[in-house]
Amino acid sequence: MPSLFPMRYSSFALCLAGLAASAVAVVLLPMAWPAWLALLVFAGLSGTGVHDLRQTRHAILRNYPVIGHMRFLLEFIRPEIRQYFIESDAEAAPFSRAQRSLVYQRAKGDPDNRPFGTHLDVSLLGYEWINHSMQPTRLAGHDFRVDIGDTGAPAHTHPCTQPYSASVFNISAMSFGALSANAIQALNRGAKLGSFAHDTGEGSISQYHRQHGGDLIWEIGSGYFGCRNDDGSFSPERFVVNATDPQVKMVEIKISQGAKPGHGGVLPGPKVTTEIAAARGVPVGIDCISPSSHSAFGTPLQMMHFIAELRRLSGGKPVGFKFCLGHPWEWFAIVKAMLQTGITPDFIVVDGAEGGTGAAPVEFSDHVGAPLQEGLLMVHNTLVGVNLRQRIKIGCAGKVITAFDVARMMALGADWCNSARGFMMALGCIQAQACHTGHCPTGVTTQDPVRQQALVVPAKAERVHNFHRSTLHALQELVQAAGLEHPQQITAHHIVRRISDTEVRLLSNLITRVAPGALLGPVDALHNVFRYYWPIATADSFQPLKEGLHAGAE
């Protein structure tokens, strides 16, 4: 309404009036400091108003000088207001307050029992539980482990000779550079205390990974950091130096990650410090590029031979790869390459699209890559269908926080689980979601030496250890309640899911299962994803047979 237009400038007008009044007060009472203070305040506000009217960037400030800044202030603190005062305990964004509180309690060693019953609505669609037994077991401990490394593989595949006994719950891939030096030290020291594994992330092995001697899974990405030539290609000689280090227990080739599958990355030159350059083997101050694909292999067959070569160069340590499932024919092509060469990875880590510790383009975070459940089932079923499942262990990652999360993933086919954000929260992360800004309030994801001083390594390492131990203790209690001896015995028959107000189903009745060896014969009776895409996959290329692709699309 036209009559309200002058109200837009009322705050500015009041500032000008205050400026005039304080100027008069200074003239009349030159020795009164409140008058001078008022003059400075109103002069600043009036100057801001004049600037707002003249600037051209923000329409709000031109229409609402001075008072318009309140909008930007409230928008700036909105995440904190919402997190602390508005969101419910069960609202996940991306982790709920209840999930975060559980991690904090377990990390601090506080009791995590909850009085007065569940806060979850058990009548909601999607609610899940694990069936218990009338004859629970009693287990001696919670140090559940899985042996990784196919020592019985044919000689020409350079089989594993140094298998690794891994915990079923480990630290997922997070690089030095993405995390602070103190965070890396605390994670590795916690892993040492709890005898579990710490994935280095593709940023390679820094001096901070080595200080406390925790078991390392060395992740090698497309930039080949820590094992690259000056032109960015893979260097066997430099690989051997790191891979034969006794602290490195396994080698993981990163094909893609859940946060941004199919997307490369660039660490800007100003962020490539001396320490990061030393870990990655790149020049200081020069843009550090992670290509979107590997240069060491271009076909599934070449990928299998690369895996065998890394196993040989590492002295027989387990070698595998991590990926987020995308085109099904590409995954099938890899499996066909395994069958054709006889070379298999010792392990595969399935990263779900819901994963991600650092920043990624919104479209990639929200709409690229298969979620963990679908990716894990596809990988497990395919390996069962070609009779390779017993030779290859499967790990997984993607919003795994609680013991039930671990149990559920193992019911779907995983041998072990990794967690990134869970262990970040154990370090003190408050989900401020400022990881990419360098302004992390808790010192976890910053290279600012002052900010990361807030993260005291011995104390936070103990929290990492506590979180791991308490989570596995809770897993032990679930396994006992189900009447089992090991979490690997948990199957989809143990998990129940509500699918309507009046109906529940065993998870085993809701998911696709493939019979052993089923993909080695006719696939006409299998699920469409196998019926359409398995025949068009070829070990010679990641590209499908085009005539088959068109037929499947029809």
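Mentor: By class, the lining of the largest pocket holds 20 nonpolar, 14 polar and 13 charged residues. Here Ala, Val, Leu, Ile, Met, Phe, Trp, Tyr, Cys and Pro count as nonpolar, Asp, Glu, Lys and Arg as charged, and the others, Gly among them, as polar. The model is predicted, so local features need pLDDT of at least 70 and side-chain atom pairs count only at pLDDT 80 or more, while totals for chains, interfaces and linings use all residues. Residues are numbered from 1 along each chain as its sequence is written, and side-chain values use heavy atoms, with hydrogens and water left out.

The space in the largest pocket comes to about 1900 Å³. Of the 47 residues that line this pocket, Gln99, Leu120, Thr402, Phe404 and Asp405 are the closest to its centre. A pocket is found on a 1 Å grid over the protein atoms alone, as an open set of points where a 1.4 Å probe fits, with protein on both sides within 12 Å along at least five of seven lines; lining residues have an atom within 4 Å of a point. Grid points are joined across faces, edges and corners, and the volume is the space filled by probe spheres set on the points.

Several elements contribute to the lining. Helix H5 (97–108), strand E1 (128–130), helix H13 (372–385), helix H14 (403–412) and helix H17 (457–481) each supply at least two of its residues. H5 gives the largest share, 7 residues. Helices (H or I, at least four residues) and strands (E, at least two) are DSSP runs, numbered from the N terminus.

Strand E1 leads on to other strands. E1 pairs with strand E14 (residues 495–498) in the antiparallel sense over 3 bridges, and Trp129 has Val496 in E14 as its bridge partner. Two strands pair if DSSP finds at least two bridges between them. E14 also pairs with strand E15 (residues 504–506), in the antiparallel sense and over 3 bridges; there Arg497 stands opposite Arg505 in E15. A hairpin of 5 residues joins E14 to E15.

As for the setting of this part, the protein has 19 helices and 15 strands. Its C-alpha atoms fill a box of roughly 100 × 60 × 55 Å, taken along the principal axes. Of its 554 residues, 49% are buried, meaning under 20% relative accessible area with a 1.4 Å probe, protein chains only.

Terms used: Buried < 20%, exposed > 50% of the residue type's maximum accessible area, 1.4 Å probe, protein only.
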